[in-house]
Amino acid sequence: MPSENVVASGLIERIGNSNAVISYKTSEQNISKELEISDHEKGLSEMNRFLMHSEIGVIKDKSEIQVVGHRVVHGGKDFSDTVEITDEIKSKIKSLSVLAPLHNPNNLKGIEVAEKVFPNAMQVGVFDTAFFHEMPERAFRYAIPNSFYKKYDIRAYGFHGTSHKYVSEKAQQFLASRELPGNKMITIHLGNGCSMTAIKDGKAIDHSLGFGPANGLIMGTRSGDIDQSVIFYLINQLGYSPDEVNNIIQKESGMLGLTGHHDLRDIQQKAAEGNKACQLALDMNTYRIKKYIGSYVAALNGLDAIVFTAGIGENSSVIRKMACSNLQYLGIEIDDAMNDQRIENISDISLKSSKTKVLVIPTNEELEIAKQSYNLISKSDI
Ligand code: ADP
């Protein structure tokens, strides 16, 4: 940094298993190795061995690492910005675990391990919720008695903020370089989790995920919007426990519940072969995206650009085409040939005549975290 030159990247999968996989990539090497990684500390230490390896490493000593940036999923109402992690911050992240039980405890573990492995580095927290911190109250409040908001902080927080922020800034630069307007934008993050954000003048003004990560769009295994009466019916009439219902909504619903598959590639292939359930799931999924586009155009009072990102948004021309079809009256017109091309960098897939530009931008949450961490240490001048 600040040249944003990636010197090494890596990934550890299946931590806790005897067949965990560690991958390590530099401009010259691309290594993937199966080994036993019992916990996060062992994982980070293993990665460190690659980083400092005499032949394939990129640093000579741990002390070369000045800052470690961490993605923290839930920052609640307290964190509107990137922060240096102190003991006080750690206890706040811990206390927010009730709102993100699947994420915050693991984020904290990552921080504690990094403190041990890189004791001289500054640890920095980048919160996924921070990008939504300035959303207007009318967008983040639920219409339930005020006391639930005042006493228990029940409101929409939003997720995937690091990704929405990264791609919206990239889009703005891209549009500005072509002297096109970019004040009113909708970013669509479609991965295993899916969300949409309405962005005005660079600030999020509305977002589809809420108090938890199952609201809004239809996702790989999460239902997205559902009438709450269904939940009470499952509990009171059909006898499911609250935990079972939670599991159904979060892990057995969405594209998996509709088709038996959660990987979109399988669903697209089966739909193309004539599978009706898969075709319906694609229809439902993209119809939901369209409804959100419509509501966000109303919230923004117009639209300059739509941005697709993440695994599905970047790779599925089928979903992009279906989600943008028949929206000519909003000035949205896709160029089919551009849409079908393999996209590796920023791509404008709209027709020249399209008033609203439709962009595909690969997300890069790691780089966004690096940028924000770098900005913080530059400010604090270490
Ligand atoms: P996560 O939310 O876990 O980060 P990703 O952003 O990696 O997820 O997205 C995973 C999704 O992307 C999966 O549903 C996968 O099917 C989909 N995907 C990946 N590549 C393709 C592709 N070429 N065509 C369609 N879908 C794809």
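This is a predicted model: local features need pLDDT of at least 70, side-chain atom pairs count only at pLDDT 80 or more; totals for chains, interfaces and linings use all residues.
Residues are numbered from 1 along each chain as its sequence is written, and side-chain values use heavy atoms, leaving out hydrogens and water.

**Around the ligand**

- The residues surrounding the ligand include Gly191, Asn192, His262, Asp263, Arg265, Ile312 and Ser316 (a residue is near a molecule if one of its heavy atoms lies within 4 Å of it).
- In the side chain of Asp263, an N or O atom is 2.4 Å from an oxygen atom of the ligand.
- For Arg265, a side-chain N or O atom is 3.5 Å from a nitrogen atom of the ligand.
- Helix 10 (264–272) and helix 12 (310–315) each supply at least two residues of this shell (helices are DSSP runs of H or I with at least four residues, and strands are runs of E with at least two, numbered from the N terminus).
- Helix 12 gives the most, with four residues.
- By type, the shell holds three nonpolar, seven polar and two charged residues (Asp, Glu, Lys and Arg count as charged; Ala, Val, Leu, Ile, Met, Phe, Trp, Tyr, Cys and Pro as nonpolar; the others, Gly among them, as polar).

**The nonpolar cores**

- The largest nonpolar core has 40 residues, and Ile186, Met196, Ile289 and Phe308 are among those with the most contacts inside it (a core is a set of buried Ala, Val, Leu, Ile, Met, Phe, Trp, Tyr and Cys residues joined through side-chain atoms within 4.5 Å).
- Helix 11 brings the largest share of this core, nine residues.
- Phe308 touches Ile188, Leu190, Arg320 and Val358, among others, not counting residues up to four places away in sequence (contact means heavy atoms within 4.5 Å).
- Another core, of 18 residues, lies apart from it and includes Phe132, Ala156, Val167 and Leu359.

**A look at Asn339**

- Asn339 is found in helix 14 (residues 336–340).
- Asn339 counts as buried because its relative accessibility is 1% (buried means under 20% relative accessible area, exposed over 50%, partly exposed in between, with a 1.4 Å probe and protein chains only).
- The side chains of Asn339 and Arg320 are joined by a polar contact of 2.7 Å (a pair of N or O atoms within 3.5 Å; within protein, one must be able to donate a hydrogen and the other to accept it, and residues adjacent in sequence count only if both atoms are side-chain atoms).
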